[in-house]
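Biologist: Please take me through this model. I want each label set against its cut-off.

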Amino acid sequence: MRTFSPVISLRNVHTNASEVRFVDPQHNRGDVDLLHQIGYKQELRRHYSTIQVFGIAFSIMGLVPSIASVLTSGLNAGPAGLVWGWLIASSLIFCTGLSMSFMGSAIPTSGGLYYYANYYCPDSIRVGLSYLIGCSNSLGLTGAICSITYGFAVEVLSAVSLSKDNNFEQTNPKTYGVFAAAIILNVVIACLTTKHAAKFQTVSICVNVFLILLFIIAVPVGFSKHNTFNSRGFIFGKWENRRDWPMGWSALMSWNPALWTIGSFDSCIHCSEEALNAQRSIPVGILGSIAACGFLGWFIVIVCAACIKDGDTARVLASETGSPMAQIIYDALGKKWAVAFMSLICVGQYLMAISLMIALSRQIWSFARDDGLPVVYKWVKYVDPKIKVPIRATMFAGCCALVMGCLCIIPGSAGSGALFSLAIASNLLAWGTPVLLIVLPYGRKKFIPGPFYFGKTISTAINVITVSFIIFVITMSMFPESTHVDKDSMNYTCAINGGVWMLSVIYYYTWAWRSYTGPKSNLDGTESDEEEEEASVKNVDELLEEKKL
């Protein structure tokens with residue numbers, strides 16, 4: 001039998017996270033033990049191996065489907081803007097992933113970002129700031145799943161349009177219909193037991209790798225049979241400003257494909273209470289997914305630039321299919337293969353949405369566990385002790401997505417564009433705030449590194465780069481695509497994000513402070529060494545059994 005050195009007084013089971021006394025995370029005795037040190041009991045089942053934790057983030061990023069959804073934004077600065085924008089942005093995103101890995105390795109909990117904001121912040125503002133970050137992270141992940149599913153709906157209709165020789169009208173109500181059906185099915189799949197949900201990550205990895213290899217090989221081969229590849233000068237040096245902003249700013253806005261695609265890697269942290277060896281699997285999941293997507297994604301955008309027929313970027317952007325990626329594939333492979341390829345991309349996009357729904361439900365569940373959700377937190381935080389899946393939180397997440405998705409019904413591209421920018425801005429605020437707190441003196445003193453750390457000097461330098469990058473990108477994400485702003489070209493991110501951030505703060509200080517006092521321990525003294533040992537052995541045995549199968 002194991003013995004424990006408790007670090008939380010069970011006489012006060014509602015201890016705030018700021019009062020929890022941590023031992024060195026590098027010397028914990030296991031995942032369950034460390035979670036108890038953080039202040040929570042093990043309510044979910046640990047089934048995710050390191051490769052499956054990587055799969056959560058990698059499948060959410062879904063390279064080919066994601067790039068297909070936002071290729072227009074990159075090409076608006078020309079092929080060079082797309083290619084160099086991807087390379088620069090992905091390098092800076094990797095710095096952000098390093099900062100997130102430092103925190104995830106030190107304190108692996110599903111609450112993650114709002115927990116860190118509470119723990120590393122001075123007492124005077126820590127609870128209010130924690131509440132803001134919890135709301136922002138939930139909003140950002142909801143916006144992400146909406147935009148991913150919206151992209152799925154557009155790609156489905158694009159495939160239909162291709163199959164009917166563009167004799168098909170794509171309307172916003174039709175798009176929302178496909179979107180709503182996909183969200184409902186997402187909820188059903190995400191409510192499966194964690195054991196089966198974990199298997200989806202392995203399937204998703206295989207599908208995404210297959211799509212990447214197929215695109216990199218098949219599209220150039222097909223294109224070369226009837227066309228000549230664009231020159232290196234065109235791919236790496238052809239700048240075209242199709243925005244009415246100055247060329248420099250337009251080039252910076254073409255970072256968006258990478259910013260959108262290589263995102264939601266905080267999902268690894270949100271699923272940390274279901275991960276085996278969480279302190280090491282979280283950094284591997286975050287950094288492995290960013291590195292893989294950054295490297296492979298660069299080759300994909302190079303292939304896109306090389307296979308623009310006759311170097312006519314305007315023609316691709318104005319494609320009747322509604323998708324520049326669909327037009328590039330059509331020019332290279334013809335109608336039948338293009339329809340088949342777009343169908344595969346739709347499958348990949350849908351798997352992205354499933355993985356993100358799982359991550360979103362865990363974020364919402366953990367926020368409700370700490371009494372953070374308005375009114376419904378008591379209902380949402382319940383977890384059935386038999387299946388150990390936050391079904392109510394998943395249903396609540398689906399309802400929020402259906403409501404937010406109504407933005408895509410707005411005429412023009414303003415509403416759908418807001419979904420993409422909304423995900424970027426809200427998640428970046430949630431990522432950047434804890435990193436900033438660790439850079440500042442108070443948080444730096446409280447930070448105890450986990451197994452993944454580069455030392456004080458190098459890690460602090462990385463965190464400073466991360467904070468500077470995030471501040472810049474949040475600002476950029478608020479800008480509209482055009483200097484001539486009307487109801488169709490308006491970027492509603494500033495209104496939606498700003499409104500939600502302001503309402504979150506107002507709501508906290510007027511009402512939520514009564515229930516939300518920051519992350520609180522839910523240990524009740526019933527957790528025994530035998531139960532912990534049994535749970536740990538069971539999880540390892542099940543993982544070994546899965547590997548044999």
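**Labels and their cut-offs**

Modeller: Start with Lys388, which sits in the loop between α16 (377-380) and α17 (391-404). Helices here are DSSP runs (H or I, at least four residues; strands are E, at least two), numbered from the N terminus. This is a predicted model: local features need pLDDT of at least 70, side-chain atom pairs count only at pLDDT 80 or more, and totals for chains, interfaces and linings use all residues. Residues are numbered from 1 along each chain as its sequence is written, and side-chain values use heavy atoms, with hydrogens and water left out.

Biologist: Why is Lys388 called partly exposed?

Modeller: Buried means under 20% relative accessible area, exposed means over 50%, and partly exposed is in between (1.4 Å probe, protein chains only). Lys388 has 22%, so it is partly exposed. Lys388 also lies 4.9 Å from Leu44, C-alpha to C-alpha, though the two are 344 residues apart in sequence.

Biologist: What makes Asn118 buried?

Modeller: Its relative accessible area is 0%, so Asn118 counts as buried. Asn118 belongs to helix α5 (residues 113-119). Its C-alpha is 8.5 Å from that of Gly128, ten residues along the chain.

Biologist: And why does Thr175 count as buried?

Modeller: Thr175 has 5% relative accessibility, so it is buried. Thr175 is in helix α7. Leaving out residues up to four places away in sequence, it touches Tyr150, Ala153, Val154 and Leu157. Contact means heavy atoms within 4.5 Å.

Biologist: Why are α6 and α7 called oblique?

Modeller: Two packed helices are described by the angle between their axes and the distance between the axes. Axes are lines fitted to C-alpha atoms, for helices over the stretch in contact, and angles run from 0 to 180 degrees between N-to-C directions. Helix α6 (residues 126-163) and helix α7 (residues 172-190) pack at about 125°, with axes 8 Å apart. Under 35 degrees is roughly parallel, over 145 roughly antiparallel, 65 to 115 roughly perpendicular, and the rest oblique. α6 and α7 are therefore oblique to each other. Their contact includes Thr149 and Tyr150 of α6 and Val178 and Phe179 of α7.

Biologist: What makes α2 and α13 oblique?

Modeller: The axes of helix α2 (residues 50-61) and helix α13 (residues 278-306) cross at roughly 40° and come within 8 Å. The pair is therefore oblique. Among the residues making the contact are Val53 and Phe54 of α2 and Gly285 and Gly288 of α13.

Biologist: How do you know that the length of α20 agrees with its residue count?

Modeller: The expected span is 1.5 Å times one less than the number of residues. Helix α20 (residues 456-477) has 22 residues, so it should span 32 Å; its end C-alpha atoms are 31 Å apart, which agrees. Its buried residues include Ile462, Asn463 and Phe469.

Biologist: What is the chain made of overall?

Modeller: It has 22 helices and zero strands. Of its 549 residues, 60% are buried. Among contacts between residues at least 6 apart in sequence, 84% join residues at least 24 apart.

Biologist: Where is confidence lowest, and where highest?

Modeller: pLDDT is the predictor's confidence in each residue, from 0 to 100. The chain mean is 83, and 87% of residues reach 70 or more. Confidence is lowest in helix α22 (residues 529-548), at a mean of 45, and highest in helix α4 (residues 78-106), at 95. Over residues 1-24 the pLDDT is below 50. Where pLDDT is low, the predicted coordinates should not be read in detail.
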